[in-house]
Structure formats: structure tokens, C-alpha cells
Amino acid sequence: MRPEVLFALSAIHLGTTNAAPSVRPEERLASWFTSQVTGSTHGGNGQCIEKIVGIHASAMNTMLKFDLPANQSQVTETIVEFLQVNATLPSQVMGPTQNISGTYPISTKLCWPATTSSPSNTTIQLLTHGVGFDKSYWDFYSPSYSYQDAAARAGYTTLAYDRLGIGKSDHPDPIQVVQAPLEIEIAHQLIQSLRNGGDFGSASFSKVIGAGHSLGSELTNAVTSKYPEDLDAAILTGFSVDTAGQSNFFSGLDLVIARENQPLRFPELNNGYLIPQSIVSNQFGFFRVPNFDPLVLEAAEAAKQTFTVGELFTNSMFVGKAGEFRGPIDVVDGENDLPFCQSNCLVPENKAEAVKGVLYPNANSSSMSYIAKGVGHGLNLHYVAGEAYQQIFDFLKSNGF
């Protein structure tokens, strides 16, 4: 086995006996990965391990002076008041900061090329999904839409995870706990775990690339702002500095109480967990006719995920200027992205291209941007997803990853 496809290992005492030859650390680790495989990516180019890891994180969240909504009428009124011109509701509910700390079960999916017994120790991509989805956004529906499958085919290892309050991850208090500051710290701790080893057979990676979509890109941006040494590069999809379209986006989602909308899927969640109301809401926020398969829209509706009241009020805390980040960035948007481009990413300027100058003034000059023609906010859900993936891989290879 070639050294370059082996994980860096923590010091492990391998004890030997006269009865059997010693097993090399790299062989033991490869055997561990083989024994832990739980499935593959759509298309079979990646083999994967799905695992829940305990992430300890602490953050200074905001004490929100906001009671749990009693019913849908209160939820709707909250959204209406939140989105109005010169809204006062956000400032009214923002209280002092409070420390939130704990160990949170986070659901992860690690995938690497099926042609190798274990991942390469050089580079891993941490994939953070956005609003309305869970980690399946990165391995969605079929090979044509699976980023993790395409990445494995291109030789890359990826780790997708369900953000706090989403999917198979922990669902704590949706008002006081599931907020932007804590989600940033969880991502930071995940990155440290990938660099230092411990969660996946004592494996560690020398380079970590953050890749996000929508709120996941906002979160990735926040990490590069607060912890500029965490990531070697950042891939920001469904993202720009133009947020004027977000009011239309959230209005169109028509957020409703998740357990009332999907009682079989979310029977135990309280009224602080919200979800897009219908397949019409899903199309409005994420798709662009005629450039998607209606069956993919149906799959997105069936898999739709939650958004919390806490995230609603702290969403602006995700984005920040990352002046100390010096790695390369790649900003990839659909031409008709609603929340981040008001449905036109080329007017009055290329909004993907503008991100570097505004948020990343010191990012490497090898940074790139890309606009996928005729695509809505859900980049991975359109026919040309593979073309966007190829641009991302070209960006990575041009930067030595």
C-alpha cells in the first residue's frame, strides 16, 4: 500500500508476541476502515462510514427573550414581523449573551474513493448543508446529483454532517441552544478532530477544506473569520454578500411547525422547530424551471429538514469579514439564486466574483468563482450539478489539493 494513501496515526503501542508477526499501524487502520464501512455513495464511487460522534463545544449564545410559539398563528406572525421593513422584533428579543456548553451527538458520513481500502491522509473536505436539508444534500437522489460520489471519483475524501438540530444529530432547545454561535463552534471542533484524529480510527488529515451550501456557506465563512487557520481553502456555494433576496426566500418557504406538517417524521420536536410548508415552498426557494427533474423536487420535499427559531434570530451572526484568511476561496452560485442574488447573480455585477473583495481581501490570488447558468439556489439539485462539481475539482487541483 502506498504511503500517500495512508492516514497519519496517533502513537499506538502495537505489542507483539512470538506467536504472530506484528501488524503495521497502516494495515491495522485499513482493516479498521474495511470493518466499519456502512454503505456507498450513489454511483458507488465512494465507500462510506456513517457514524454519530460526540462533539464537545461551548459558545456565547444570545439569551432570546422569546417564548416557545403556542401555535402556527404565532409562528406566522413572528415571520411577518421579522421580515417587515425597519423590523423591531429582532432587537426586542435579543438579550445578553449566555454560555452554552455540552457534548452534542453529531451525525456524520465519511466517504472516500472505493478504489482504496482507506482514505488519503492528505486532504479532506468538510461539507456543511444549508436550510431545508440534512447531510444527504451532498449525496442526493442519484449519481448525477451526488457531490460525494463525484468527489470520490475525483480522488477526494469528504465528511458530510447533520448540523445541530438536523437529521440524526442532537435536537436540543431550538430557541436558546440551536443558534449560530454554537453551530460555528461545533464546526470548529469537527475541524480540529479531523486534523488531530480520534473519531475515525485515530486518523488525522493534514489539510481540511470547508465546503458549504447556503447557511452552510455562511457557517463556513464564519469559521474562516473567527478561526482563519482552521481551513486550507473554502468552497462557498449558494452564497454572496447580497442578502436582499432573503426576505422573499423566507416568505416563500412559508415556515410551519415541523411536527404538525410532518407528524410521522418529527413527532417529538417542539414548536420551535420549523419546516418549509409544501413542495411549492421547496420549488420557490431552491429550484429553477426548466433546469431540474420534477422527481428530484419530489425527493427534496420528502427529505426536507428543519430550521429553528434560534437560527432565525441569529442568522446574521454567521457571516463576517475574513481578513486574516489567506487560503484560496471558490464561490459557486446558480445564476438564478433567490436568497443570495435576488434571482440574478449577474446584475448589477457578478455577485459570486464580488465575495472575495468584500469578505476575503487577503485570500490567495488563485481564488475562483463560477456561475451555473439557469440554476436556482439548490445548486446540487439541477441538471448541471456535475458541471459545477467539475469546476470545484479544477479549483482544488489548481491549488495543489
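**Two buried cysteines, and the rest**

Tutor: Start with a cysteine pair: C48 and C111 are both buried. Keep in mind that this is a predicted model.

Student: What joins C48 to C111?
Tutor: A disulfide, with an S to S distance of 2.2 Å.

Student: Remind me, what is a disulfide?
Tutor: A covalent bond between the sulfur atoms of two cysteines.

Student: Where do C48 and C111 sit, and how many residues apart are they?
Tutor: C48 is in strand 3, residues 46–64. C111 is in strand 4, residues 94–113. They are 63 residues apart, and the pair links distant parts of the chain.

Student: Is the disulfide of C48 and C111 right-handed or left-handed?
Tutor: The torsion about its S-S bond is about 110°, so the disulfide is right-handed.

Student: How many disulfides does the count come to?
Tutor: The count is 2. C341 and C345 form a disulfide too, with sulfur atoms 1.9 Å apart.

Student: Are C341 and C345 buried or exposed?
Tutor: C341 is buried, and C345 is buried as well. Their link is right-handed, with 90° about the S-S bond.

Student: What is the pairing, in sequence order?
Tutor: Number the bonded cysteines along the chain and the pairing reads 1-2, 3-4.

Student: Let's zoom out. How many helices and strands are there?
Tutor: The chain has 14 helices and 14 strands. Its radius of gyration is 21 Å, close to the 21 Å from the globule rule for 401 residues, so the chain is as compact as a globular protein of that length.

Student: What does the C-alpha trace span along its principal axes?
Tutor: About 75 × 40 × 40 Å.

Student: How much of the chain is buried?
Tutor: Of the 401 residues, 57% count as buried. The chain exposes about 15,700 Å². Carbon and sulfur atoms supply 51% of that area.

Student: And the contacts? What share comes from residues 24 or more positions apart?
Tutor: They account for 78% of the contacts with a separation of 6 or more.

Student: Charges next. How many positive and negative side chains are there?
Tutor: There are 23 positive and 37 negative ones. The centres of the two sets lie 6 Å apart.

Student: Now the backbone. Is the peptide bond from V289 to P290 cis or trans?
Tutor: That bond is cis, with omega near 5°. P290 lies in the loop between helix 9 (279–286) and helix 10 (294–303).

Student: What about V347 and P348?
Tutor: A cis peptide bond joins them, with omega about 0°. P348 is in a loop too, between helix 12 (338–341) and helix 13 (351–359).

Student: Why does 69% count as exposed for N86?
Tutor: Because exposed means over 50% relative accessible area, and N86 has 69%.

Student: What is phi of D254?
Tutor: Near 55°, positive in a residue other than glycine. D254 lies in the loop between helix 7 (246–253) and strand 10 (256–257). With a relative accessible area of 38%, D254 is partly exposed.

Student: New topic: E218. Is it buried or exposed?
Tutor: E218 is buried, with a relative accessible area of 3%. E218 is found in helix 6, residues 215–226.

Student: Which residues does E218 touch?
Tutor: Leaving out residues up to four places away in sequence, E218 touches F239, Q246, N315, F318, V319 and F340.

Student: And how far is E218 from V241?
Tutor: Their C-alpha atoms are separated by 9.9 Å. Along the chain, the two are 23 residues apart.

Student: Last one. Where is T115?
Tutor: T115 is in the loop between strand 4 and strand 5 (123–128). At 75% relative accessibility, T115 counts as exposed. The C-alpha atoms of T115 and G46 are separated by 8.1 Å. Those two residues are 69 residues apart along the chain.

Terms used:
Residues are numbered from 1 along each chain as its sequence is written. This is a predicted model: local features need pLDDT of at least 70, side-chain atom pairs count only at pLDDT 80 or more; totals for chains, interfaces and linings use all residues. Side-chain values use heavy atoms; hydrogens and water are left out. Helices (H or I, at least four residues) and strands (E, at least two) are DSSP runs, numbered from the N terminus. The radius of gyration is taken over C-alpha atoms; the globule rule is 2.2 Å times the number of residues to the power 0.38. Buried means under 20% relative accessible area, exposed over 50%, partly exposed in between (1.4 Å probe, protein chains only). Contact means heavy atoms within 4.5 Å. Accessible areas come from the Shrake-Rupley method with a 1.4 Å probe; for residues, only the protein chains shown count as cover. Lys and Arg count as positive and Asp and Glu as negative; His and the chain ends are not counted. The place of a charge is taken as NZ of Lys, CZ of Arg, CG of Asp or CD of Glu. A disulfide is a pair of cysteine sulfur atoms within 2.5 Å.
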